[in-house]
Every structure is written in structure tokens, then in C-alpha cells.
Protein chains: 2
Amino acid sequence: MTKRPDVRQAGKGKGGGRQMIDRLIDAVKKKANPSVIGLDPTIEMMPEFLKKKYFGECGRTPEAAGRMFVEFNRSIIDAVKDIAPAVKPQIAMYERFGEAGIRAYNETCRYARGQGLIVIGDIKRGDISSTAAAYAAHIGNVDIQGAQSETWYEDAVTLNPYMGSDGIKPFLEICRSSDKGLFILVKTSNPSSSEMQDLVLADGRTVYEACGKLVSDWGAELIGKYGYSKVGAVVGATHRAQGAKLRKSLPHTFFLVPGYGAQGASADDIAGFFDENGLGAVVNSSRGITSSYKKSDDFREEQYAEAAQAAAVKMCEDLQRVL
Amino acid sequence: MTKRPDVRQAGKGKGGGRQMIDRLIDAVKKKANPSVIGLDPTIEMMPEFLKKKYFGECGRTPEAAGRMFVEFNRSIIDAVKDIAPAVKPQIAMYERFGEAGIRAYNETCRYARGQGLIVIGDIKRGDISSTAAAYAAHIGNVDIQGAQSETWYEDAVTLNPYMGSDGIKPFLEICRSSDKGLFILVKTSNPSSSEMQDLVLADGRTVYEACGKLVSDWGAELIGKYGYSKVGAVVGATHRAQGAKLRKSLPHTFFLVPGYGAQGASADDIAGFFDENGLGAVVNSSRGITSSYKKSDDFREEQYAEAAQAAAVKMCEDLQRVL
């Protein structure tokens, strides 16, 4: 694996232009790594010395937790920014702490972006028309009586498709005119995803296959230089056969793949999610990277970022093995 | 219609106990009104004098917008609190403004709750296991190394079912032991809801009917004194026939019904969503109430709250006509 330190240019290259998906694929190629580092902090994940520092200063408050998460994330970002092309903060892990958590989420996104990483906000929002347009602030500016304000800092976000096009269109509109992207839930990594997503339709398809077709249609007009659309799909690593089948039926849909590592899927499970060029998917790992210091004898807890870096390199090598 | 001023007790009556759904139905009966007032502020909705006040003081910033929304909402809440049993703030309309918006959302929820209204947070979250548990902070406390913190202030929230039980269970657990409730998307009010929700399954049911069955199963253990579960369903007013059919097939599932008024559905469309006792559903109106001052010659813009009150009374009478 070649590590390229000039990642800070990733978003600015002329190759990327205004196509977020090209920018992501360029970064994957440059770093020879289809990994996404999940930034999903919990109190339990934090090293004891950080808990002492922040809870000692401010008490065990949401504010202290949020500030601690930002320090933790910044160190992780610094450690992986030359290895991985993208990070994926899961907003729920911040939202849990109310306003203070949201502040930490935004600071994390801003810092990662400033370090040249692509930020995929795992927000899984889904609502209709004017409400969807409000959520679209995650990837667009907000107009306050003519004054433009940037209130969120993601490059791409995940969305829920249950409400159909009405929930997606406001996001598509922004993607059309700016360097932003989407990943829409198709087949999620959890066991009970079958309850809704595997229901079999009268025409023989499953619900998730029908959903995949919708996602492909939504993205048809937004295809970049590598043949992939700015409108991608979330396809869980835990569904080996289904993922490989979707790869074939959705040749222009890029996959964001959760479920590797802590959720149980291996690199072999994911091999079929990639195309013949080793592109077509990025694979997320969260706890497997950020909590790795807890499972290693090689690192003290103060070295949590070094441990994460080592885990990120190991994950990259593991994925490259099957590409 | 009888207006009862002692609504502030609604959440505290012995009848309600620890069953949020009983508390909601008690309030509906006491106020003889199955309305929910949607608190979905936009800049366009705000009276000019408020915009001058807040943007003049602080500039056209997210902070100014958030503070303005809180003043607006407080006046609306004061005006409708003796008429309607519940309010439903749509979090997207606040989240659009980032952290400042989230602060306004939380202040709105807290104020409404303090005034004795039941607060249904329209958050439509949906994720898996530990992530769903993080989102469940909306209705439960957060544990920060043993210190309990309340970071959100809703009595009930809406959820998205696409990921199945894994996304719902952490919320069910909280509902089991506390006075909180859920409304899970089944058939939404928007036109494109058909793209996913009306897909026909091999067994002849639609996806939304299968979803309704899941919701009913999830709520089976949480049924209150009126025969309705703490786990309700979102069923759009714009689907007259489907709503009536769901009412029959889901006798223990209470409905939260958006789509009345501004979205085009009338009281007659909704009649079939109620049971033979006139219970079984609450109907939301947002813009139809909060923007009513704009469409009336009877009120100056300074009287936006009085206009909202008049619109709320009119809506109540309109609904009572069909019960």
C-alpha cells in the first residue's frame, strides 16, 4: 500500500470537478484504500485519561462528553487522514447528547473536511417535500432572508427511502448543482433488516431489490467519470450473496458498505460488492478502528490514535487482499 | 365543544399512570379534540415584526432564526394549550439551522411540556441496535458514567420502520418502563409514498400493510386502558380508503394522522380513521394553524397567535362534525 500525504488536495483536483463521487473514487485510488473510518464515539469507547480530564473539568455533562469526543475524533482523524479516503460520523452517537452533541458532530465534520477527508454523514433522514428540503441543509446552504448560512458540514449523507421520491428530490436538486452526494438505504447490515427489506413482491423481486431500482433511477442523471452516480446505496457487508447480486444489477450505483469487522463480516464476504476494477464500494469500520486500543497489547490507552492507525492499515491490507 | 382550562394536569392524572397513550387519549377526551398542532416554523411563516426584531438585533443568522422560532412557538403554545391535547414539532424545520435550531427545538419541547401539552417529536429516526439505542435518548435519559442527563424533551417520537425490529427495540424498552410512546411510519401522506409502501407482496398484501402488522406486533405488550398501544402508527390523511382499512385491521394501534388541511385532506377523508367511540386517531395540522394569520382579514400579523387559536378551534369543530 502506498501512502500519499497530499490528501488535502483530494477535494480540489480538477478531476473531481463538481462530482462528489469522482472525488471519492479519486481518493480511494490515490490511497489504494476503499475504507471509511466510522467516527461513532461512546463514553465507553473513551480512554480513562480523557474521561478524567473532561469529566474532572466540567462534571459528567453532555457538554463534557461532546468536548471529549471532539478531542478523541481529532486525534483519530489526524492518525487516519493519510490512509483512508473518508470518515463517516454516525449522527445518533452525538445527537444522544442533545445540542452539545450536535456541536461535537459539526466540529468533527468540519475538522475532517479541513484535513482533506470526505465526510459521509450517517444521518439516515427521510421525510417529505418541504420537510425533506429542510433536512437537505445537511448538504446545502440555508437561506435566511437572503443571507446564506452553512449549518452542517457533510460531503454526502445517508437517506432512508421509505417515503419515496418526495423525500429524495430536494437532495437530488442540491447534488445536481454542487459537489455533494447521497447514499440511500437499500439492504442494511442488521439481522432484522429482513422483516421489511426481504419481503417478496408479487413480481418476484424483494423490497430491497425494488428499492435498489429506485435508487438507480434517482441517480441516473448524476453519473460521473468512473460510471458511478452521486446517488449511491447502503448495502450491508453481512449479506454476501445479496450484495454481489446487487453489484451486477446496479452497475452505476456505488455502495457504502457497513458491517465489516465488529458487526461480523469479513473481507471475503465483501469481495463481490466491488466491480472488476476493484471499485464500486467503500467499506466502513467504526469500533474496529476507534476502539482497537482496547484489544491490543501493543498500545497504551494514551496511544489510542496510533492503535487506530495500525487498525486502519490492517483493514486496508485485508480489503486489498480480495480486490 | 367544551373547553377545559385545567389541561396542565393532563399528564399528571392518575388515569394516565405510566401509559403515555392513555394520557394522550385522556387529553383528547377532556378537550373533546383529536387535534395535534404542528410546530414547523419557517422564516417565511414568521410575521414581519418578529423578523425585524430578531434579524435587527442579531443579523440574519441561525441563532436569530432559532430565537425567533422560540418566541413564535411560545405564543402559539399559549394560544392553543387549552384547545388541543398535543403539539408535534417537526425536527427538520429546526435541524436545518444546525445547533442553534436544535436549541430552539428543545426549548419548544420543554415549554410545551411545561404547559401541559403532550409533545410528539416528529423525528422519523431509524437505525440499528446500538445506534437506535443512541437515538432513543429522545425519550430516555442518557447515562454519562452514572450521571443521568435529560438531553431531549419529547413524550413520544415518530420512527421509520425500514430496518425492522432492531431499530425499534431500544425504544420499546424505554416505553415499557416509562411514560413514553411511539408512532411508526406505516402509510405516509405524500404522493410518492406509493413507490415503496404500495408495492404488492407475493401474499397479496402491500408493503404498508405488512408494516402495519409489524407495528401492531411490536405494540402488543404495551396496550393501555382504552385498548390502544403505546406503539402507534403514522397514517396519512390523504389515503382515505387505506386509512379506514387499517383502522379495521389494527384495532389496538393508535394513529397519528398528518395531511389534514394544507396537504389537502378534509375531515370527511379522515372519518374512517377513528373507531366507533371517536377515538383511535389524532390529526395533525401545521401551517393550517400557525400560518393562518396570513390568510385571514380578521387578524393583523401581531395577532398571529389569536389567528392560530381561531384556526385550532375551527379545526376541532370540523373534526367533531365527522366523529
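A salt bridge here is a side-chain nitrogen of Lys or Arg within 4 Å of a carboxyl oxygen of Asp or Glu. By that rule, six salt bridges cross the interface of chain A and chain B. One of them links Glu99(B) with Arg103(A), at 3.4 Å from N to O.

This is a predicted model, in which local features need pLDDT of at least 70 and side-chain atom pairs count only at pLDDT 80 or more, while totals for chains, interfaces and linings use all residues. Residues are numbered from 1 along each chain as its sequence is written, chains are lettered from A and ligands numbered from 1 in the order written, and side-chain values use heavy atoms, without hydrogens and water.

**The interface**

In contact (heavy atoms within 4.5 Å) are 69 residues of chain A and 69 residues of chain B. Together the chains bury about 5,700 Å², with 59% of it on carbon and sulfur atoms; this is accessible area (1.4 Å probe) lost on being put together, summed over both parts.

**Strand S6 of chain A**

Strands are DSSP runs (E, at least two residues), numbered from the N terminus. In S6(A), residues 156-159, Ala156(A) and Thr158(A) on one side and Val157(A) and Leu159(A) on the other are all buried, meaning under 20% relative accessible area (1.4 Å probe, protein chains only).

| Partner of S6(A) | Residues | Bridges | Example pair |
|---|---|---|---|
| S7(A) | 181-187 | four bridges | Ile184(A) and Leu159(A) |

Technical notes: Buried area = accessible area lost by both parts, 1.4 Å probe. Buried < 20%, exposed > 50% of the residue type's maximum accessible area, 1.4 Å probe, protein only. Pairing = 2+ DSSP bridges.
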